Amino acid sequence: MATMADVARSAGVSVATVSHVLNDTRPVLPHTRQAVLDAVEELGYTTNTLARSLVTARTRSIGLAVSAISNPYFTEILQGVEASALEHGYSLLIADPHDDPAHECEVVRLLHERRVDGMIVAPSAEPRDLLAYLTRHRVPAVFLDRVVDVPKDGDAPRFDQVCAESAEPTAGLVGHLAGLGHRRIGLVAGRPGLSTTGERITGYRHGLAAAGLPFDERLLVHGDSEAAGGERATAELLSLAVPPTALVTANNAMTIGALRALQDRGLSVPGDLALGCFDDFAWADLFSPRLTAVAQPSRDIGAEAVRLLLDRLAAPDRPARTLRLPCTFVHRDSCGCAERPGPLSGQSEEAHAKAHERTLP
């Protein structure tokens, strides 16, 4: 295996010059740089990442802890993280916490022991132990998709966070269905304790209030963010003495479950029940009818998480930030009206088009 000294001899330069070219630590004349790169190519030299990490205390690796990697939404986030990490010369170590607080802490500990420079985590519904570990070990970390309330007392470090808007788009879905004449609109909500669940419930209630509709707690059922739970929750709503005429599902997995429950009962969408769902996915327009959905900027969320983490590594003491990205209303057939692109009902073009960034106090 070729060494850095071999590259230096082949290029006719010092080992230090080779190091500066490969690590971009000092300007090198163009012809000298090219000679080094040619020698690297000819000899098949690869950087000894482990040796460099021992010198720099950096491994140029990022730990990613995201549950339900098989979920298309998280798969797209992963693609955004990976593309941005590679662009900046970082590799990924990936673990699935399975939305279990104990397992979450275990996989984060394992990633930390592998000396990742920082972590990107989609926290569980009970992230107290996760926060304690990251704080105790001063691990640079960014939370994505789900935000957490970080303690403000003491000198505990804050955490950067990035997610999509949830409340306003959900209110928009409800407003859209109400505008079509629906007065009993159900919600299949996600796992209790997740910030996304709470925010989408808030949006649901705001949407009802804006449409002049009362909140009926019987029309809100938790599907626990899974297909089986979505199927169970939808069956419960359909069994009401006066079932809903329209339904909002709060993620793509629960949408699949809801469609199964409707199919089992021989009900059609939108003929028997209008449907609007949170999360768009690649085959949503292949269903019959095609699904009206709120599309989250999944890849952008992943890319922004990497940007926030690299900013944190470069400036560990800067104020933490929470970045929220806007969603897009994808208007198809399942809501019961003709397709038309654009912002959700009650959402301005400006809100539809730009992100909102807030610096924590």
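**Exercise 1. Begin with Phe215 in this predicted model: how exposed is this residue?**

Solution. Phe215 has a relative accessible area of 33%. Buried would need a value under 20% and exposed a value over 50%, so Phe215 counts as partly exposed.

**Exercise 2. Work out what kind of aromatic pair Tyr204 and Phe215 form.**

Solution. Let's go step by step.
- A pair of aromatic rings is described by the distance of the centres and the angle of the planes.
- The count of aromatic pairs comes to three. In one of them, Tyr204 and Phe215 are 6.3 Å apart, centre to centre, and the cut-off is 6.5 Å.
- Their planes stand at 80°; over 60 degrees counts as edge-to-face, and that is the label here.
- Tyr204 belongs to helix α9 (residues 195–210), while Phe215 is in the loop between α9 and β7 (220–222), so the pair links parts 11 residues apart in sequence.
- Tyr204 itself is buried, at a relative accessible area of 0%.

**Exercise 3. Find which charged end sits over the ring of Phe215.**

Solution. Look at Arg205: its charged end lies over the Phe215 ring, 3.8 Å from the centre. For a second example, turn to Arg200, whose charged end sits over the ring of Phe278, 3.8 Å from its centre.

Methods. Residues are numbered from 1 along each chain as its sequence is written. This is a predicted model: local features need pLDDT of at least 70, side-chain atom pairs count only at pLDDT 80 or more; totals for chains, interfaces and linings use all residues. Side-chain values use heavy atoms; hydrogens and water are left out. Rings of Phe, Tyr and Trp (its six-membered ring) pair if their centres lie within 6.5 Å; planes under 30 degrees apart count as stacked, over 60 as edge-to-face and the rest as tilted. Helices (H or I, at least four residues) and strands (E, at least two) are DSSP runs, numbered from the N terminus. Buried means under 20% relative accessible area, exposed over 50%, partly exposed in between (1.4 Å probe, protein chains only). A charge sits over a ring if NZ of Lys or CZ of Arg is within 6 Å of the ring centre and within 35 degrees of the ring normal.
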